[in-house]
Protein chains: 2
Amino acid sequence: MSVSDEFGFISSIQPQALFHGDKVVGIGDDAAIVGMDEGFESVVCVDTMVEGVHFNPDTMKPYDIGYKALAANISDIAAMGGIPLYYLVSISIPKAWPEEELLDIYKGMKALGDQYRMDLIGGDTTSGKSLVLSVFVIGKVEKGKRLLRSNATPGDLVFVSGTLGDSAAGLDVLLQGHSGWDELKRKHQNPAPQVELGRILTAFDRVALNDVSDGIASELMEIAEASHVDIVINKDTLPLSTSMVQYKEEKALKWALAGGEDFELVGTISAKDWSLLQKRCQDADIQITQIGEVTAIGKGQVFLKDEGQSVLMKKEGYNHFLKE
Amino acid sequence: MSVSDEFGFISSIQPQALFHGDKVVGIGDDAAIVGMDEGFESVVCVDTMVEGVHFNPDTMKPYDIGYKALAANISDIAAMGGIPLYYLVSISIPKAWPEEELLDIYKGMKALGDQYRMDLIGGDTTSGKSLVLSVFVIGKVEKGKRLLRSNATPGDLVFVSGTLGDSAAGLDVLLQGHSGWDELKRKHQNPAPQVELGRILTAFDRVALNDVSDGIASELMEIAEASHVDIVINKDTLPLSTSMVQYKEEKALKWALAGGEDFELVGTISAKDWSLLQKRCQDADIQITQIGEVTAIGKGQVFLKDEGQSVLMKKEGYNHFLKE
């Protein structure tokens, strides 16, 4: 991209107006300036999507690539109990990409960002061999209210929002070229981060939380390790969407445990708070399911219980349980 | 990189201790938490370096790639008058890269980051076709003290720190395979951002400032456009290092104006404040040179004056002045 094109491109993606114009100086200088509300801390994260690694042109249009990259970051903010506010975008893109498709990436981000009143405040655009999109998000959370992975303790209940494995199933549908199954496709291409649930959870005393980016097996292991506890989840309670009935149980279970990119929230909460959390979720029309419990002070192990048998889950493909 | 390698890698780059451990929760959760000092705002920026675009293995070792990527970001913070505090690193890297070279990239960042007491607080590591390194930096600046490009006004003096064109000359020396000229090579591979000068400048009433990433011609045009003024700089006052005598005047001038990546600071200051700024810089052992002045309310034009003649500078290669 020539210098003159680059300047034209920047002005075409620059927001006409900012949601938080009273607190921020955005695109147009060496760096952006962000003022933080009193009583709050910043929550910051970065997530990168690489062509050929995280997506390919057959399953993800440019709009979807932008949408999902921002969704993955908002999901990380949600997992801390935070409110997303700002994003910066670093994109490396082959010169052969048409400018329209490049703009579609930003449109996908804007579509989701606008839902959360987020401002695009900076970035960097470079050429490169394949598309690499890094999104950096800044949010806020009340001081001391952040939801860390290390908060779990024996006796806590384990919960997850929504349904599991839909993103992996959606990818399968897309790769097979099936028509229909739009809800599964949407969950793969335009996943919805669970900011509202994260906010509900900040009202409770002690919650350990992760977002489901790598699959709940891996996410629960991170919570178990950070909290020095063991966790047991029950196979029969894992929430699956009705669309999953088309698949054999073994495949559905594999995706539910290890498919990843569902961007639901998985966590632990004190048993005494469970009924109140259920009520708050019901009021907000958020699906939440108890799937297990924190059993003991431990080495960070996670077990899957199926018809009375408990199987230790592994990080590498869960091959002790799942026959490929 | 397999999952287990990735976890091992993350723990190997995770800082043993944080400089700002009382204000930050770093690597190890979905997102980092950053508390900001009262009376300060956050300064945030991102800069990306792409293999084959911004560097190649002949001229930049992995250590240098990391060092320079962080330096470019710190330089943006310096250009706002800010203090760099934290960085997040998103890296996309071919699987064939040896882990040692990957670690060297982080060593280069750490070497510079430690100088500024900066903490690595997050990031993302993915595989990809070629090396793409995105660094996000968070700094702080006193509320209302940020140094914007739009602050210039007629009568102001134009100044620049250090010497100009050294990075481009260093690249030339490296590409030619010359031995010696270590200072020029260092300025290309391990440039020093000018944080201290940025901090000195925040004490003055009204300063417009940019860092020299694209060459001073382009940087001054950005100041002139943002401030709606015209600027004249004098060819004979452009500060060149003694190492530049090996080159023809025309080449040295081209690099000084448009070479870029010098990461010096260029800006404007009220004429009445110039002698005090000179004194402060002398005390801090910082070289600073007056190279021109803001002449009039205008359309954002920058002129180069040489033996009485003024030539309008252009964004695209400055071809009206420089014969290729």
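Let's start with what A:Asp47 touches. Contact here means heavy atoms within 4.5 Å. Setting aside neighbours within four places in sequence, A:Asp47 is in contact with A:Ala72, A:Asn73, A:Asp76, A:Leu133, A:Ser134, A:Val135 and B:Asp124. A:Asp47 sits in strand 3 of chain A, residues 40-50. Strands (E, at least two residues) and helices (H or I, at least four) are DSSP runs, numbered from the N terminus.

A word on the model. It is predicted, so local features need pLDDT of at least 70 and side-chain atom pairs count only at pLDDT 80 or more, while totals for chains, interfaces and linings use all residues. Residues are numbered from 1 along each chain as its sequence is written, chains are lettered from A and ligands numbered from 1 in the order in which they are written, and side-chain values use heavy atoms, with hydrogens and water left out.

Which residues does the UniProt annotation "binding site" cover? The unreviewed entry names A:Asp47 and A:Asp124. UniProt positions follow the numbering used here, feature names are shortened, and annotations may be inferred rather than shown by experiment.

Now A:Asp124. It lies in strand 5 of chain A, residues 119-127. Is A:Asp124 buried or exposed? Buried, because its relative accessibility is 15%. The cut-offs: buried is under 20% relative accessible area, exposed is over 50%, and partly exposed is in between, with a 1.4 Å probe and protein chains only. Apart from neighbours within four places in sequence, A:Asp124 is in contact with A:Val89, A:Ser90, A:Ile91, B:Val46, B:Asp47 and B:Thr48.

Next, charge. Side chains of opposite charge can pair when their charged atoms come close. A salt bridge is a side-chain nitrogen of Lys or Arg within 4 Å of a carboxyl oxygen of Asp or Glu. How many are there over all chains? The count is 38.

Take one of them. A:Arg199 and A:Glu142 meet in a salt bridge at 2.6 Å, N to O. This pair links distant parts of the chain, 57 residues apart: A:Arg199 is in helix 6 (residues 195-201) and A:Glu142 in strand 6 (residues 132-142). A:Arg199 is partly exposed, at 23%. A:Glu142 is partly exposed too, at 23%.

Another pair is B:Asp29 with A:Arg149, at 3.5 Å, N to O. This one crosses between chains. B:Asp29 is in the loop between strand 1 (24-25) and strand 2 (32-34) of chain B. A:Arg149 is in the loop between strand 6 and strand 7 (157-161) of chain A. Both residues are buried.
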